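Please keep the view open while reading.

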Amino acid sequence: MSGQCELCREDGGETVYRNDKLRVVLVDDANYPGFCRVIWNAHVSEMTDLPPADRSLLMRTVCQVESALREVLQPEKINLASLGNMVPHLHWHLIPRFRDDAHFPNPIWAQPARQTAADVLAARRALLPALRAAIARHAACED
Ligand SMILES: [Zn+2]
């Protein structure tokens, strides 16, 4: 079962933070610089498969990454999503959203509404080193 799961086999992106329970990865998506996932390391499919302390740990990390995204990218909105219909291995998507992004105000999984200007995307990509540092700093924090 877990041998066929891509999030058991692979990191699922560029790992920017990892501990024994979970990892934070940056997703390589040209339209969404800063798109992160918080992925539980063990193969479980639902939040309620975790004991309460682990649920809290996972949500605390989601909030830490959200704080880092807000601080560095200053998006219009953060989208949080846990779907897992395609890959039923517990993970949260954190997507910084902007009025000029490819799908705003719809979910990023909808039909594209526009093409974001290349220079705007380049400016957002230029913030990724600062985002990596902010995620590491927030994740090291106990609250
Ligand atoms: Zn898995």
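How many bridges join strand 4 to strand 5, and in which sense do the two strands run? In this predicted model, the two strands run antiparallel, and five bridges join them. A position to look for in this pairing is Ile78, which stands opposite Pro96 in strand 5.

Strands of a sheet pair through backbone hydrogen bonds, and they may do so in a parallel or an antiparallel way. Here, five strands form an open sheet, with antiparallel pairing and the order 1-2-3-5-4. Strand 1, residues 14-18, and strand 4, residues 77-81, stand at the edges, and because each has a single partner strand, one side of each is left without a neighbour in the sheet. From one strand to the next, the twist averages 20°.

Helix 4, which spans residues 128-139, packs on this sheet, where it touches strand 1, strand 2 (22-26) and strand 3 (36-40). The direction of helix 4 makes about 25° with that of strand 1.

At the other end of the strand order, one can follow how strand 1 meets strand 2: the two are paired in the antiparallel sense over four bridges, and the hairpin that joins them passes through three residues. Within this pairing, Thr15 has Val25 of strand 2 as its bridge partner.

Which side chains, then, meet across distant parts of the chain? The structure holds eight salt bridges, and one of them is formed by the side chains of Glu71 and Arg137, with a distance of 2.4 Å from N to O. Glu71 belongs to helix 2 (residues 52-73) and Arg137 to helix 4, so that the pair links distant parts of the chain, 66 residues apart.

In the loop between strand 5 and helix 3 (118-125) lies Pro105, which is joined to Phe104 by a cis peptide bond with an omega of about 5°.

The remaining topic is empty space. Rolling a probe the size of a water molecule over the atoms shows where such space is left. The largest pocket holds about 260 Å³ of space and is lined by 13 residues, among which Arg37, Met86, Val87, His91 and His93 lie nearest its centre. Helix 1 (6-9) and strand 5 (91-97) each contribute at least two residues to the lining of this pocket. By class, the lining of the largest pocket comprises five nonpolar, five polar and three charged residues.

What does a search of the whole structure find in the way of cavities of 30 Å³ or more? The search finds one such cavity, and the volume of the largest cavity is about 40 Å³. Its lining is made up of Asn31, Tyr32, Pro33, Pro96, Phe98, Asp101, Leu121 and Arg124, and these divide into five nonpolar residues, one polar residue and two charged residues.

Note on methods. Residues are numbered from 1 along each chain as its sequence is written. This is a predicted model: local features need pLDDT of at least 70, side-chain atom pairs count only at pLDDT 80 or more; totals for chains, interfaces and linings use all residues. Side-chain values use heavy atoms; hydrogens and water are left out. On a 1 Å grid over the protein atoms alone, a cavity is a set of points where a 1.4 Å probe fits but cannot get out, and a pocket is an open set with protein on both sides within 12 Å along at least five of seven lines; lining residues have an atom within 4 Å of a point. Grid points are joined across faces, edges and corners, and a volume is the space filled by probe spheres set on the points. Ala, Val, Leu, Ile, Met, Phe, Trp, Tyr, Cys and Pro count as nonpolar, Asp, Glu, Lys and Arg as charged, and the others, Gly among them, as polar. Two strands pair if DSSP finds at least two bridges between them. Axes are lines fitted to C-alpha atoms, for helices over the stretch in contact, and angles run from 0 to 180 degrees between N-to-C directions. Contact means heavy atoms within 4.5 Å. A salt bridge is a side-chain nitrogen of Lys or Arg within 4 Å of a carboxyl oxygen of Asp or Glu.
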